[in-house]
Amino acid sequence: MEYGVGSGGGSPGDHLHHHHHLGGDGSGSSDSQRRNKKRYHRHTANQIQRLESMFKECPHPDEKQRMQLSRELGLAPRQIKFWFQNRRTQMKAQHERADNCALRAENDKIRCENIAYREALKNIMCPSCGGPPLHEDPYFDEQKLRIENVQLKEELDRVSSIAAKYIGRPISQLPPINPIHMSSLDLTMGSFIPQGLGAGPSLDLDLLPGNGSSLSMQNVPYQPPPLSDMDKSVMSDIASNAMEELLRLLQTNEPLWMKSPTDGRDVLNLDTYERMFPKPSNHLKNPNVRIEASRDSGLVIMNSQTLVDMFMDPNKWMELFPTIVTMARTFEVISSGIMGGHSGTLQLMYEELQVLSPLVSTREFYFLRYCQQIEQGLWAIVDVSYDFPQDNQSVPQFRSHRLPSGCFIQDMPNGYSQVTWVEHVEVEDKTAVHRLYRSLLYSGSAFGAHRWLSTLQRMCERIACLMVSGNSTRDLGGVIPSPEGKRSMMKLAQRMITNFCASIGTSASHRWTTITGLNELGVRISVHKSSDPGQPNGVVLSAATTIWLPIPPQIVFNFFKDERKRPQWDVLSANGNAVKEVAHIANGSHPGNCISVLRAFNTSQNNTLILQESCIDSSGSLVVYCPVELPSINIAMSGEDTSYIPLLPSGFTISPDGQPDQGGSGGGDGASTSSNTNILGGGGGGSLVTVAFQILMSSLPSANLNMESVATVNSLIGTTVQQIKAALNCPSS
């Protein structure tokens with residue numbers, strides 16, 4: 001009865017029209033109506049503004065806060081109480097309305113897809129006998145769809161009437177609100193358009209964690225101004241020219257691309273390139289600018305439509321390349337695709353790319369991404385840098401410019417795609433490149449096509465492994481009881497990897513403060529205040545350094561991955577004690593791609609386990625681990641939401657050092673992610689190993705950094721490096 005006593009939020013003018021509905025049941029005497037009218041209070045704009053801003057901070061104020069507002073605004077505490085009550089109800093109704101929009105859109109979408117599927121099914125032949133399928137799948141039964149539609153409509157009407165009651169007017173009169181972003185489950189159906197019907201089971205891409213969204217809201221160095229129609233027209237021209245150039249780069253071999261004599265990979269012939277694609281005469285040659293160009297091709301276990309969906313969504317893009325892309329954002333969609341699809345979509349984007357070492361500067365690009373479906377089952381996506389006319393922002397260390405780069409994605413049988421990738425950038429080194437990384441960077445391997453492609457192959461294998469739930473008990477030794485548990489553990493491990501990669505990043509947009517220069521080890525120490533739900537609260541200290549070891553990367557990777565050798569380097573969690581693997585999830589065909597749960601024996605911390613993921617492909621590898629309490633591991637293993645389990649990962653990244661005597665790894669086909677032991681080019685050459693730790697320095701966010709903590713973490717890294725070198729028989733200096 002008392003909903004209307006205060007005021008119902010929203011615009012102040014609304015309240016005068018609706019107090020009869022809200023104040024009573026409408027059947028009372030004229031006395032009660034007069035009494036309601038008398039008690040009714042119309043709030044001023046200032047009062048509503050103050051109440052609204054308070055509501056944003058705290059939708060459930062306690063008595064003390066209500067009293068304070070009451071004094072401030074000259075309203076009775078009772079009025080304040082009812083205003084907040086009404087406002088909460090209104091918010092709830094808005095959310096329900098948004099859910100309805102999403103449900104309706106999803107329903108329409110499924111109906112359209114089903115019609116398309118039914119048409120496609122008519123043409124499918126039975127693979128064994130060549131005849132049509134014996135019976136139609138009951139899922140495509142029109143009757144069932146009709147029933148579902150009716151149920152959804154009833155649900156919509158029910159929620160609408162509740163919402164209308166709360167708000168005091170019918171839903172149809174409310175201003176339109178954008179439907180909430182549908183979960184990535186909408187890809188489950190949408191990614192498999194009819195031509196992909198024979199391509200195996202649909203992938204549920206929700207397994208990639210949704211933590212990208214919070215990252216994408218971080219600051220970018222420069223916020224582009226609103227785009228005029230003129231800007232958009234210029235951008236469209238740049239994009240279509242870039243697409244033409246990319247198609248020629250992808251399809252032409254000699255004399256444009258030559259085979260490298262050392263590793264057999266494609267190398268761009270710059271003279272031929274400049275003749276084929278002459279730059280305008282005002283394109284000045286800067287003597288500090290280097291060109292990096294590479295091309296690679298390989299099979300990926302994901303169909304073209306799903307890959308395109310992921311490439312065009314900045315959060316999915318980050319999640320597909322967690323070791324390369326530390327941040328991605330779309331500023332504006334300049335043109336939308338045909339018929340709501342991606343073909344013809346052009347968007348202005350920003351991304352930050354990294355090599356997993358504190359010694360290499362992050363690369364930042366403002367670029368246009370343009371997607372085109374060339375023919376059924378064949379897509380091309382081009383990226384090209386866009387320089388803003390009033391472009392005066394300067395990246396302190398590095399300036400990178402992306403010339404037309406991108407990929408062809410061609411559907412292959414059984415849900416695979418053939419991906420051909422071109423990377424082509426101009427890089428201005430404003431400061432000297434660190435000596436350890438010169439070979440890797442100057443050869444174009446550090447950010448090159450081979451690294452992108454081998455990462456993509458590994459991540460798509462990881463997703464495919466998640467979809468196989470049949471023999472999971474053999475795979476997991478019976479410890480993880482269900483496919484949901486496996487999925488949940490994989491999401492937790494991927495969040496751990498993403499967090500780890502961000503902790504090494506040198507980007508200005510990360511909320512890090514670097515506090516020491518490089519000492520003799522070159523340790524970069526940075527600090528940030530953490531309040532994210534998935535991290536422990538307080539001040540986190542991150543420290544990382546990169547060392548060179550005269551040992552092939554494969555041997556170094558095996559050393560870190562072998563739990564029997566862990567006591568030789570783990571000074572924190574194992575502390576010299578034996579470690580046993582208690583659970584295991586395979587993440588790919590190479591045995592090095594897996595998630596493990598480890599238990600250290602004979603320690604005081606019996607309640608703490610170690611979650612570890614190791615990843616390996618032909619461009620590099622990493623071993624990342626994190627202490628996790630037993631109850632949290634149980635939450636993950638039972639398939640529950642793991643987004644609130646706090647993670648503070650440490651670990652190692654290993655890459656070839658880029659020296660020419662490495663003996664080649666996998667040639668130029670990029671498909672060398674099979675279970676061969678020579679996956680990282682173990683035929684010679686050394687390794688670049690980044691050692692990184694994260695430590696909760698204080699659980700108080702207000703704590704100040706002290707030099708004692710810095711000394712402790714410095715000493716921790718120093719000891720770990722010494723122990724690694726001793727265990728691998730390397731000279732200690």
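**Exercise 1.** How many helices and strands does the secondary structure of the chain come to?

Solution. The chain has 19 helices and 19 strands, taken as DSSP runs numbered from the N terminus (helices H or I, at least four residues; strands E, at least two). The model is predicted: local features need pLDDT of at least 70, side-chain atom pairs count only at pLDDT 80 or more, and totals for chains, interfaces and linings use all residues. Residues are numbered from 1 along each chain as its sequence is written, and side-chain values use heavy atoms, leaving out hydrogens and water.

**Exercise 2.** Describe how helix α3 packs with helix α4.

Solution. Step one: α3 (residues 45–57) and α4 (residues 63–73) pack at an angle of about 160 degrees, with axes 11 Å apart. Step two: the two helices are therefore roughly antiparallel, the term for angles over 145 degrees. Step three: from α3, Gln 47, Arg 50, Leu 51 and Met 54 make the contact, and from α4, Gln 65, Leu 69, Glu 72 and Leu 73; contact means heavy atoms within 4.5 Å. Step four: by class, the α3–α4 contact has four nonpolar, two polar and two charged residues.

**Exercise 3.** Which residues make the contact of α16 with α18?

Solution. Step one: α16 (residues 483–504) and α18 (residues 630–637) pack at about 125 degrees, their axes 7 Å apart. Step three: α16 contributes Gly 485, Ser 488, Met 489 and Leu 492, and α18 contributes Ile 633, Ala 636 and Met 637.

Methods: Axes are lines fitted to C-alpha atoms, for helices over the stretch in contact, and angles run from 0 to 180 degrees between N-to-C directions. Angles under 35 degrees count as roughly parallel, over 145 as roughly antiparallel, 65 to 115 as roughly perpendicular and the rest as oblique. Ala, Val, Leu, Ile, Met, Phe, Trp, Tyr, Cys and Pro count as nonpolar, Asp, Glu, Lys and Arg as charged, and the others, Gly among them, as polar.
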